[in-house]
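Hi there,

Here is the structure I promised to send over. Please have a look at it first, and then read on for what turned up in it.

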Number of protein chains: 2
Amino acid sequence: MTDSDNLDLSRRRLLGAVGAAGAAGLVAGAAGGAGISAALSDDTAGAGGAPALSTVGSTAVMFHGKHQAGITTPLQSRGHLVAFDLAPGAGRKEAAALLRRWSATAKVLMAGKAPAEDTGIALDAGPSSLTVTFGFGRTFFDRTGLASRRPAELDPLPAFSADALDPRRSEGDLWVQIGADDALVAFHALRAVQKDAGDAARVRWQMNGFNRSAGATAKPMTARNLMGQVDGTGNPKPTDPDFDRRIFVPAGGAQEWMAGGSYAVVRRIRMLLDDWEKLPLDRQEKVIGRRKSDGAPLTGGSETTELALDKLGPDGKPVIPDNAHSRISAPEQNGGAAMLRRPFSFHDGIGPDGTPDAGLLFVCWQADPLRGFVPVQRKLDRGDALSAFIRHEASGLFAVPGGPAEGEYVGQRLLEA
Amino acid sequence: MTDSDNLDLSRRRLLGAVGAAGAAGLVAGAAGGAGISAALSDDTAGAGGAPALSTVGSTAVMFHGKHQAGITTPLQSRGHLVAFDLAPGAGRKEAAALLRRWSATAKVLMAGKAPAEDTGIALDAGPSSLTVTFGFGRTFFDRTGLASRRPAELDPLPAFSADALDPRRSEGDLWVQIGADDALVAFHALRAVQKDAGDAARVRWQMNGFNRSAGATAKPMTARNLMGQVDGTGNPKPTDPDFDRRIFVPAGGAQEWMAGGSYAVVRRIRMLLDDWEKLPLDRQEKVIGRRKSDGAPLTGGSETTELALDKLGPDGKPVIPDNAHSRISAPEQNGGAAMLRRPFSFHDGIGPDGTPDAGLLFVCWQADPLRGFVPVQRKLDRGDALSAFIRHEASGLFAVPGGPAEGEYVGQRLLEA
Ligand code: HEM
Ligand code: HEM
């Protein structure tokens, strides 16, 4: 069992301060290795007599564990990213109290229960794979007198030539990632997190994202992004022997409080979809180096076949072009640099320039950004064929501590040592 | 069978211009009266051995029929509303060609197939209950030389005292409502509709919305909105004897081309959630006149019990206050005025004033706005306790013609008569 495995759950949603038990009983979700688990039970027969879908709502993710939830948890269909700055005057004490409140709220909500003085937005729904993940930005440490405990990994990312970053939507003292398979469950958690912030912290920026719905495909499949590409194939798998070492901070490092944690790089990457969609299919496929239909390498095989980077076409040129995104970002081209990409798509309507304000809320996880995101993005920035069709608009780098033990709150080892 | 009943579907998603069949086989969805239907089949076993969810994606809604889809279709979890204005120089001919293109696209997409030169965004996913619904705004008729065929029902809505309408996000020559149970399927349809517009029409405004995910609750339940209220209880039911007469335009009226059609009133209603959430539960419940936990009237019973509007409390005052939203909007208080409310929630992050830019994309359907939306909103505008917590920010009124017969396109009876 990994920490983000599904937790069987069979109980009524508690109504907390709203009073009066009213909602329908939830159903135990069978643990499913692929992140989609289904359970049918007599008391969930739909009005039409057909058995109702039940596991979208009934799946719960554990709050406690070695790592925080929301890193290896299967992609959820809704996400909110929100960054906070500590309020003027708030320091270490207020921050510790805030993380304690946030942890208590996250634990209650992830179990599908309602917090005290609940808004009621998620009543009736199950936990719906909700995860709430907390991180610290570089600026957090000075403001709380904890500069000596700031990890070197939080040093600012280098500037990239194609960056068009909006500082008001970048960085922040604190970062919260919310994911759930139901939009109301996710929004409910966002409001609860904002309320908990109280006078201690103010929202700096907030972004909304989404992925495919659970059950939209007949069987679990790799995600697609808004360019229509299969996206996520090359990701390291939790079963890889070196997965933990690459994604999670080992014990015994310079900042022991980060043991079991990970660093999140967040980039709001706008897609220039009007331009992209004008590009013919064969040129779109050369930009990535993979087929659009099924994500297989242009050198043949199926989605999981390795890229044959040396293979030449009849014209004597590499079948997967030199500037193809898959070639440039491949770990074997980057000294083994690896990251776990776990993005949400975003679509905020139409931008002031009349083009879609849509793209990728790129979130990637690694034990060290200098051996994950940075070397890969340096190369992509210089030579990626995709660059003509994307724009990095905002950036954040956050230290996400390990998961809390039973009775602990997230960040306690930083804030109370 | 009503027109929006589920269509059993068992076929492979066609890849259209993307070529090469690659996606997994879809599964027949069992027709389910409650809008959620489930089917499990051997070839959908998830990687973990558990049966996969399959009907979220495999449910298809019929394009042809007496009425357009998207009116009595069960609420979908994602929605896009988009209004277009005809381009300068475009007239009746271009409009007819556009509606022909749009209809062809809607039919293909709603069946879960891919159009020519597909973006690929929805590949792998099933039709996911996609609906695409088309309407005409008041300004459409002058621009196309069809003023004599403009229904009187499209006369401008009266101004309401609390209106704070943004004209740039209101009205429009043409209106398209997209709904689907998968965010990528909905976005895919939005891009296709925008592409079809070509040189004939330009986007005037575009809004995104959502509802609860299929399967988030253990059994089908009435929706909740972002104030946490059960929302939709009082809606007329398609099985009511007078449902058709109230919601759909009868044959033999002044504008025969609208037979089988309906009028959609669209309001972007911002919720002042920071204020609302500070209100104690008992006062929140008095604002509506119903319990928040389960939507039952404050006068007792369950969600479907009638409001006992005359019942007095121990203090001699009506239990459901005089300014309660449910009292003021009840059909028996409005000469039987009835509408079918079929909204999406919206959440566009944080507004410039620092409060959540969230609320209700209120869409209601009726045979005549003067016997539906208008009288009710007149009363709500004057005396609704909810008014202190909402703001009408945009408005649209659209004539949505009947569903196309086999071989016909939407609006053909208007544009080619
Ligand atoms: C909107 C921007 C981006 C899009 C649309 C995009 C799309 C893709 C696609 C379609 C693939 C191939 C399938 C897969 O292995 O997942 C891929 C692979 C990859 N991308 Fe991106 N990507 C984007 C940005 C980035 C960024 C900013 C980075 C990191 C700096 C990155 C790193 C990678 C890596 C490491 C791989 C896997 C390579 C391999 O293992 O073979 N991508 N990307
Ligand atoms: C954000 C704005 C609004 C919210 C949050 C809201 C919420 C509610 C709620 C919770 C109910 C009770 C449950 C139900 O019957 O569905 C209700 C009923 C109703 N509302 Fe609203 N509403 C809003 C705006 C409107 C508007 C603008 C209209 C029309 C002008 C309207 C017309 C109705 C009607 C007709 C009923 C049913 C009354 C009955 O049959 O008993 N509502 N609304």
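Which of the 28 residues around ligand 2 come nearest? They are Gly232(B), Thr233(B), Gly234(B), His325(B) and Arg341(B). A residue belongs to such a shell if one of its heavy atoms lies within 4 Å of the molecule.

Before I go on, a word on conventions. This is a predicted model, in which local features need pLDDT of at least 70 and side-chain atom pairs count only at pLDDT 80 or more, while totals for chains, interfaces and linings use all residues. Residues are numbered from 1 along each chain as its sequence is written, chains are lettered from A and ligands numbered from 1 in the order in which they are written, and side-chain values use heavy atoms, with hydrogens and water left out.

Ligand 2 and chain B

The iron atom of ligand 2 has a single donor from the protein, NE2 of His325(B), at 2.0 Å. Donors here are N, O and S atoms within 2.8 Å of the metal (3.2 Å for Na, K and Ca), and water is not among the atoms, so sites may look incomplete. His325(B) sits in helix 8 of chain B, residues 325-329. Helices (H or I, at least four residues) and strands (E, at least two) are DSSP runs, numbered from the N terminus.

The side chain of His325(B) also has an N or O atom 2.8 Å from a nitrogen atom of ligand 2.

Helix 9 of chain B gives the most to the shell around ligand 2, namely four residues. Helix 9 (373-383) is among the elements that each supply at least two residues, along with strand 7 (262-271), helix 8, strand 10 (356-366) and strand 11 (390-400) of chain B. By class, the shell has 15 nonpolar, ten polar and three charged residues. Nonpolar covers Ala, Val, Leu, Ile, Met, Phe, Trp, Tyr, Cys and Pro, charged covers Asp, Glu, Lys and Arg, and the others, Gly among them, are polar.

Ligand 1 and chain A

Ligand 1 is surrounded by 28 residues, the closest being Gly232(A), Thr233(A), Gly234(A), His325(A) and Arg341(A). NE2 of His325(A) is the only protein donor of its iron atom, at 2.0 Å, and His325(A) is found in helix 8 of chain A. A polar side-chain atom of Arg341(A) lies 3.0 Å from an oxygen atom of ligand 1, and a backbone N or O atom of Thr233(A) lies 3.0 Å from an oxygen atom of the ligand. Helix 9 of chain A provides the largest share of this shell, four residues. The shell divides into 15 nonpolar, ten polar and three charged residues.

Cavities

The structure holds 15 cavities of 30 Å³ or more. On a 1 Å grid over the protein atoms alone, a cavity is a set of points where a 1.4 Å probe fits but cannot get out, and lining residues have an atom within 4 Å of a point. Grid points are joined across faces, edges and corners, and a volume is the space filled by probe spheres set on the points.

The largest cavity has a volume of about 140 Å³. Its lining includes Arg78(A), Phe210(A), Asp348(A), Arg78(B), Phe210(B) and Asp348(B). Strand 6 (201-210) and strand 9 (344-350) of chain A, and strand 6 (201-210) and strand 9 (344-350) of chain B, each supply at least two lining residues. The lining divides into two nonpolar, six polar and four charged residues.

Some single residues

Ser128(B) has a positive phi of about 55° although it is not a glycine. Most residues other than glycine have a negative phi. Ser128(B) lies in the loop between helix 2 (92-110) and strand 4 (131-137) of chain B, and is buried, with a relative accessible area of 0%. Buried means under 20% relative accessible area, with a 1.4 Å probe and protein chains only. Ser129(B), in the loop between helix 2 and strand 4 of chain B, has a positive phi near 60° and is buried at 8%.

In chain A, Asp368(A) is in the loop between strand 10 and helix 9. Asp368(A) is buried at 15%, and its side chain reaches the backbone nitrogen of Leu370(A) at 2.9 Å.

Best wishes

Key:
Polar contact = N/O pair within 3.5 Å; in protein donor to acceptor, adjacent residues only side chain to side chain. 1 Å grid on protein atoms, 1.4 Å probe; cavity = no way out; pocket = protein on both sides within 12 Å on 5 of 7 lines; lining within 4 Å. Buried < 20%, exposed > 50% of the residue type's maximum accessible area, 1.4 Å probe, protein only.
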